[in-house]
Structures are given as C-alpha cells and as structure tokens.
Amino acid sequence: VKGKEVVKPLRAKGRDVRFREDRPLPDFLARLAKVSVSLPQGTFAGRIENLSSEQDILGQPLKFAFSGENLKGLRSAALEGVFDRVDPAARKDVASLKLRGYAVRDLKLVESASLPVSLIEGLADLDVSATLEKGGLTARITAGLRSARLAVERGEERPGLAGRVDAAIRSALTGVTALSLTAEISGTPEDFDVKVRSDIDDVL
C-alpha cells in the first residue's frame, strides 16, 4: 500500500459450537396458542400446543383442537389431532372430525335413468378419523342420516319384473327417514382402497 508491503496477519477460522443443554429448547416455540377463526358459518375457537419446527429437540408433538357450536346449518363441529415429528423417521399424523346436526338439502343420491333418488332434506352426523404413518393412510368414516325425506322420481318405466322391482324400491325409499354408512380407507394418499357398508339393504 503506497509502495509498502503489507503482510496480512494470520488468523484462525472460527467455528460455532453448541454445547449440550440440560433442558434444550427449539429456536422457536409456542407452548400454547389460542386461536379463533370467524367463518360465514360461525366462529371456531381452539388451541394449538407445542408449536415448533424442531419437535425432535422439544421431544413433544404438536397438538390442536378446534370446536364450534350453533353454527349456520350445523349444530356443532369439533376437529382435533396430533402432528408427531419427534422422531423424523417415524412421523405420524392423526386427525379426527365430528359434525353433528349438519343440515343437508337437495342432494342427488342416485342418478339413474330408471330410479333417480334425491335427498330433499335431512340431518347428518359425521365422524371421520384418519392416520397417516410412514406413508400409509388409514381412515374410517361413519355417517348417520336422520329426519330424512327422500324423493324418488319416476324415470324410464321398465317392463315386466324390472318395472315391478323399481316400483317396490320406490315405495320403500319413500318411507325411509334414517340411514347409516361406514367407509374404511386403507393404502396411500395416492393409491387407496375404500370399503363401504350401509344399512340400506336392511331398510329396504
């Protein structure tokens, strides 16, 4: 510099060392967050516990629970679950949803040329539980319909025995006021199997 030789002093490169903590905590942690969400159907309130992106350090999974009552077209709703990343190699997500008194109207149940069936009105109770673990999905859906009113429209009149069966089914469905259905799902989110059971055969 300005004709003189400048020797750069030798310096060692630094290194960040994180010492072992007796009670380690993540860089970000919210032990409890109370949340309220306003939707057109009403207000949902709930809580989120152990909100952190470093569950392996915290040693506890994220938990959440939301609920609402006397909502528009729905008596009550509850959603809760756990997102477990404590062991990243064994991640597990569990969620459950419960709906009570969901008002259903004008729903097409069967689109058939000979026997179209519609739900004019009814109240539905729905339970959904699902688990996603190691890429595998298992779920169970239980639905109950009550105070129902079905409409069986007259479609194409089929001749002979088929027409008499259509008339019998139409007559039976007209008096139906309650139905139940259970679906079990297994596989992966991209490729899963569904098994459905219903009491519609008993009702008929």
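**Reading burial, helix faces and a pocket**

Author: Let us start with Asn50, whose place is in strand E2 (residues 42–51); helices (H or I, at least four residues) and strands (E, at least two) are DSSP runs, numbered from the N terminus. The model is a predicted one, in which local features need pLDDT of at least 70 and side-chain atom pairs count only at pLDDT 80 or more, whereas totals for chains, interfaces and linings use all residues. Residues are numbered from 1 along each chain as its sequence is written, and side-chain values use heavy atoms, with hydrogens and water left out.

Reader: Is Asn50 buried or exposed?

Author: Buried means under 20% relative accessible area, exposed over 50%, and partly exposed in between, with a 1.4 Å probe and protein chains only. Asn50 has a relative accessible area of 7% and is therefore buried. Apart from neighbours within four places in sequence, Asn50 is in contact (heavy atoms within 4.5 Å) with Leu29, Ala30, Arg31, Leu58, Gln60, Pro61 and Leu62.

Reader: How does Ala143 count at 24% relative accessibility?

Author: Ala143, which is found in strand E7, counts as partly exposed at that value. With neighbours within four places in sequence left aside, its contacts are Asp125, Leu126, Leu179, Ser180 and Leu181. The C-alpha atoms of Ala143 and Leu181 are separated by 5.2 Å, although the two residues lie 38 apart along the chain.

Reader: Which residues of helix H2 are buried, and why do they line one face?

Author: An α-helix has 3.6 residues a turn, so residues three or four places apart point the same way. In H2 the buried residues are Gly163, Asp166, Arg170 and Leu173. Seen down the helix axis, they fall within an arc of 95° (taken from the directions from the axis to the C-beta atoms), so they line one face of H2. These buried residues pack against strand E6 (117–133), strand E7 (136–152) and helix H3 (200–203), while the face turned away from them carries the exposed residues Leu161, Arg164 and Ser171.

Reader: Which element gives the largest share of the lining of the largest pocket?

Author: The largest share of the lining, six residues, comes from E5.
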